[in-house]
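This report goes through one protein structure part by part. Keep the sequence and the 3D view at hand while reading.

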Amino acid sequence: MKTLVLVRHGKSSWDYSVGDRDRPLQERGIRDALRVSSAFKSQAVKIDRVFSSPANRALHTCMIFMRQLGLPLDKVEVTDELYDFSGESVFDFIERLDDALDSVLVFGHNHAFTYVANSLGNTYIDNVSTSGLVHLDFNVDFWKSVQKGTTKQTIFPKDLR
């Protein structure tokens, strides 16, 4: 069994004159990431490894989850493959995951995450919102065998307000 948990970065701010990778989270993005990570913590899902896009907004969201879930920072790996908006690099990333990892938590971007969630899950999701979480399970032993799985749960900030 393989578990993939996708988390879209929190709501980012356009108030600063910085490049796309450097855009920070808004206060709402921080609050929503705290809400969703707290709700996810109650599920007690074991996480073997955490991966994040190098974008500031994704990394900040990742750090909020790490703190809320009580996970050590040495479980985090930053990878450029997750700075993807189409989903193709994310699919390549998933296929190349180490098979010793059974459960991964991944932080990235839309439209990639909505596309991946709909391609791999069995529940249609119109849009993975900012700070939105999609938990997918696959009855396979190898990441390269991941195709259609089960959308075990979604946690979106609007459902927690």
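Helices and strands here are DSSP runs, at least four residues long for a helix and at least two for a strand, and they are numbered from the N terminus. The model is a predicted one.

## The sheet

Strands of a sheet pair through backbone hydrogen bonds, either parallel or antiparallel. This model has an open sheet of six strands with mixed pairing, and the strand order is β3-β2-β4-β1-β5-β6. The edge positions belong to β3 and to β6 (150-155), each of which has a single partner strand, so one side of each has no neighbour in the sheet. From one strand to the next the twist averages 20 degrees.

Which strand pairs with β1 in the parallel sense over six bridges? It is β4, residues 103-108. Within β4, phenylalanine 107 stands opposite valine 7.

In soluble globular proteins, nonpolar side chains tend to be buried together. The largest nonpolar core of this model holds 25 residues, and Leu4, Leu6, Ile94, Val104, Val106, Leu120 and Trp143 are the ones that touch the most other members. At least two residues of this core come from each of β1, α3, β4, α4 (112-120) and β5 (133-138). The largest share is that of α4, with five residues. Another core, of 20 residues, lies apart from this one and includes Val50, Ile64, Leu105 and Leu133.

Leaving out residues up to four places away in sequence, valine 104 touches Thr3, Leu4, Val5, Arg49, Phe51, Leu97 and Trp143.

Histidine 135 is part of strand β5. Is histidine 135 buried or exposed? Its relative accessibility is 2%, so histidine 135 counts as buried. Apart from neighbours within four places in sequence, histidine 135 is in contact with Thr3, Leu4, Val5, Phe40, Val45, Thr150, Thr151, Lys152 and Gln153.

Glycine 149 sits in the loop between β5 and β6. With 10% relative accessibility, glycine 149 also counts as buried. Not counting residues up to four places away in sequence, glycine 149 touches Leu120, Gly121, Asn122, Asp137 and Phe138. Glycine 149 and lysine 2 are 147 residues apart in sequence, and their C-alpha atoms are 9.4 Å apart in space.

## Salt bridges

Side chains of opposite charge can pair when their charged atoms come close. The whole structure has nine salt bridges. One of them joins the side chains of aspartate 20 and arginine 23, with an N to O distance of 2.7 Å. Aspartate 20 is partly exposed at 29% relative accessibility, whereas arginine 23 is buried at 6%. Asp20 and Arg23 also belong, with Arg57, to a network of salt bridges.

Another salt bridge links aspartate 80 with arginine 21, their closest N and O atoms being 3.2 Å apart. Aspartate 80 lies in the loop between β3 (76-78) and α3 (88-95), and arginine 21 in the loop between β1 (2-8) and α1 (27-41), so the pair ties together parts that are 59 residues apart in sequence. Aspartate 80 is exposed, at 52% relative accessible area, and arginine 21 is partly exposed, at 35% relative accessibility.

Lysine 46 and aspartate 48 form a salt bridge as well, with 2.2 Å between the closest N and O atoms. Lysine 46 counts as exposed, at 59% relative accessibility. For aspartate 48 the value is 17%. Buried means under 20%, so aspartate 48 counts as buried.

## Backbone details

Where does alanine 44 lie? Alanine 44 is in the loop between α1 and β2 (49-52). Although alanine 44 is not a glycine, its phi is positive, at about 55 degrees. Serine 131, in the loop between α4 and β5, is not a glycine either and has a positive phi of about 65 degrees. Alanine 44 is exposed at 67% relative accessibility, while serine 131 is buried at 0%.

The peptide bond from asparagine 110 to histidine 111 is cis, with omega near 5 degrees. Histidine 111 is placed in the loop between β4 and α4.

Conventions: Residues are numbered from 1 along each chain as its sequence is written. This is a predicted model: local features need pLDDT of at least 70, side-chain atom pairs count only at pLDDT 80 or more; totals for chains, interfaces and linings use all residues. Side-chain values use heavy atoms; hydrogens and water are left out. A salt bridge is a side-chain nitrogen of Lys or Arg within 4 Å of a carboxyl oxygen of Asp or Glu. Buried means under 20% relative accessible area, exposed over 50%, partly exposed in between (1.4 Å probe, protein chains only). Two strands pair if DSSP finds at least two bridges between them. Axes are lines fitted to C-alpha atoms, for helices over the stretch in contact, and angles run from 0 to 180 degrees between N-to-C directions. A nonpolar core is a set of buried Ala, Val, Leu, Ile, Met, Phe, Trp, Tyr and Cys residues joined through side-chain atoms within 4.5 Å. Contact means heavy atoms within 4.5 Å.
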